[in-house]
Amino acid sequence: MATQTDISLQPYNTFGLDVKAQNYVNIKSIEQLKDALAQYAQSDIFVLGGGSNLLLTKSIQTPVFHINLKGISVVSETEEDIILKVMAGENWHEFVLFCLERNYGGIENLSLIPGNVGTAPMQNIGAYGIEIKDVFESCSAMHIKSQREEQFSKEYCQFGYRESIFKNSHKGQYIITSVEFKLTKKNHTLRTDYGAIKDELLAMNVSTPSIQDISKAVIAIRQRKLPDPKDIGNSGSFFKNPVISSNLFEDLKRQFPDIPNYVVSDSEIKVPAGWLIEKAGFKGKTFGNYGVHENQALVLVNYGGADGKDILNLAKLIQNTVVRLFNIQLQMEVNII
């Protein structure tokens, strides 16, 4: 294990922000992780995964641990399903493709989500009607102070909408090292009702879709709506979709009859944040070398050379405008450093 100094994190965050790490450690094994934690036992550390849910606004003075643990193995399987152990440094979309090639079902709706496997449970990633918790079996994580690995069940992780125990009471205490997923081998449950999946399948002339077809449909939709971080720096959805009271929704519906919505409960309605941001006039708006994407108002973008602080100020401007117009407080989904 070697520590590199004064390293640019530009290649390691999907916003493509040129922020320096004073000390950078590339972690490729559990042993290296334990050694690094022991070496920096008296320091706070910054844990970096795929860099996909991150807005860096300043240089990182604490040691940066870049988790690049690799490997996929079978824990157990039956004729119906299989449990896979996936190391934290595996790329999420590559893992989805791995499963599709073997006809393992359950995560096809989560195709093309950027980032690594280890960070997926932290915010309970989700898309098109599926969340990590739907296939999550357990995860292993190393306690930073004791360097002891522990296993966490689905119930213990307290998954919510873009939430888990690792973003709340256990924040900053553990490093996820691997995740176990329970996937189907046959008789897959297909989820095509969310978003535009059905329309996309129809355009593909697919009437009886496979999990591979659903993945292709999701990829096509995402590629039309979302910029590729390799081309335009971004972190995907910057804000969470807000859940509001039914009373507030009825008030808004009188003013905006076309407001889209998803019923959460008898008293709660989810409203798309992208619709609110677009109505507020931000979709496609540019501010020099950063702005809001022209096809998806949920996505803030770095066109090249932007400063993280500028993007953060834009996010706050959007929040303030949405509160003023709709009386809804948008929450940032991206972690701000």
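The following legends describe close-up views of a predicted model.

Because this is a predicted model, local features need pLDDT of at least 70 and side-chain atom pairs count only at pLDDT 80 or more, whereas totals for chains, interfaces and linings use all residues. Residues are numbered from 1 along each chain as its sequence is written, and side-chain values use heavy atoms, with hydrogens and water left out.

**View 1. The residues listed for "active site" in UniProt.** The unreviewed UniProt entry lists Arg162, Ser237 and Glu333 under "active site"; UniProt positions are given in the numbering used here, feature names are shortened, and annotations may be inferred rather than shown by experiment. These residues are spread over 172 residues of sequence but cluster in space, with a largest C-alpha distance of 11.3 Å. Ser237 belongs to the loop between β13 (233-234) and β14 (243-245), where helices (H or I, at least four residues) and strands (E, at least two) are DSSP runs numbered from the N terminus. With a relative accessible area of 29%, Ser237 is partly exposed, the classes being buried under 20% relative accessible area, exposed over 50% and partly exposed in between (1.4 Å probe, protein chains only). Leaving aside neighbours within four places in sequence, Ser237 is in contact (heavy atoms within 4.5 Å) with Leu298, Val299, Glu333 and Val334.

**View 2. Surroundings of Glu333.** Glu333 is found in the loop between α8 (308-326) and β19 (335-336), and its relative accessible area of 9% makes this residue buried. When residues up to four places away in sequence are not counted, Glu333 touches Asn53, Gln123, Arg162, Lys167, Ser237, Phe238, Phe239 and Lys240. Glu333 is also part of a network of salt bridges that links Glu131, Lys133, Asp134, Arg162 and Glu333; a salt bridge is a side-chain nitrogen of Lys or Arg within 4 Å of a carboxyl oxygen of Asp or Glu.

**View 3. Cys139 and Cys157.** A search of the whole structure finds zero disulfides, a disulfide being a pair of cysteine sulfur atoms within 2.5 Å. Cys139 is in no disulfide, and the nearest cysteine sulfur, that of Cys157, is 4.4 Å away. Seen from Cys157, the closest cysteine sulfur is the one in Cys139, and the 4.4 Å between them is too far for a bond. Cys139 counts as buried at 1% relative accessibility, and Cys157 is buried with a relative accessible area of 0%.

View 4. Four strands form an open sheet of mixed pairing in the order β1-β2-β5-β3, two strands being paired if DSSP finds at least two bridges between them. The edges are taken by β1 (3-8) and β3 (46-48), each of which has a single partner strand, so one side of each is left without a neighbour in the sheet. Neighbouring strands of this sheet are turned by 40° against each other on average, direction ignored. Strand β2 (residues 20-27) runs parallel to strand β5 (residues 64-67), and four bridges join the two; Ile27 stands opposite Ile67 in β5. Helix α1 (residues 30-39) packs on the sheet and touches β1, β2 and β5, its direction making about 140° with that of β2. Axes are lines fitted to C-alpha atoms, for helices over the stretch in contact, and angles run from 0 to 180 degrees between N-to-C directions.

**View 5. The salt bridge of Glu80 and Lys186.** Side chains of opposite charge can pair when their charged atoms come close. The structure holds 16 salt bridges. In the one between Glu80 and Lys186, the closest N and O atoms are 3.9 Å apart. Glu80 lies in the loop between β6 (72-77) and β7 (81-87), and Lys186 in the loop between β12 (174-184) and α4 (197-203), so the pair ties together parts that are 106 residues apart in sequence. Glu80 counts as partly exposed at 37% relative accessibility, as does Lys186 at 35%.

**View 6. The salt bridge of Glu200 and Arg224.** The side chains of Glu200 and Arg224 meet in a salt bridge with an N to O distance of 2.5 Å. This pair links distant parts of the chain, with Glu200 in helix α4 and Arg224 in helix α5 (residues 211-225), 24 residues apart. Glu200 is buried, at a relative accessible area of 12%, whereas Arg224 is partly exposed, at 49%.
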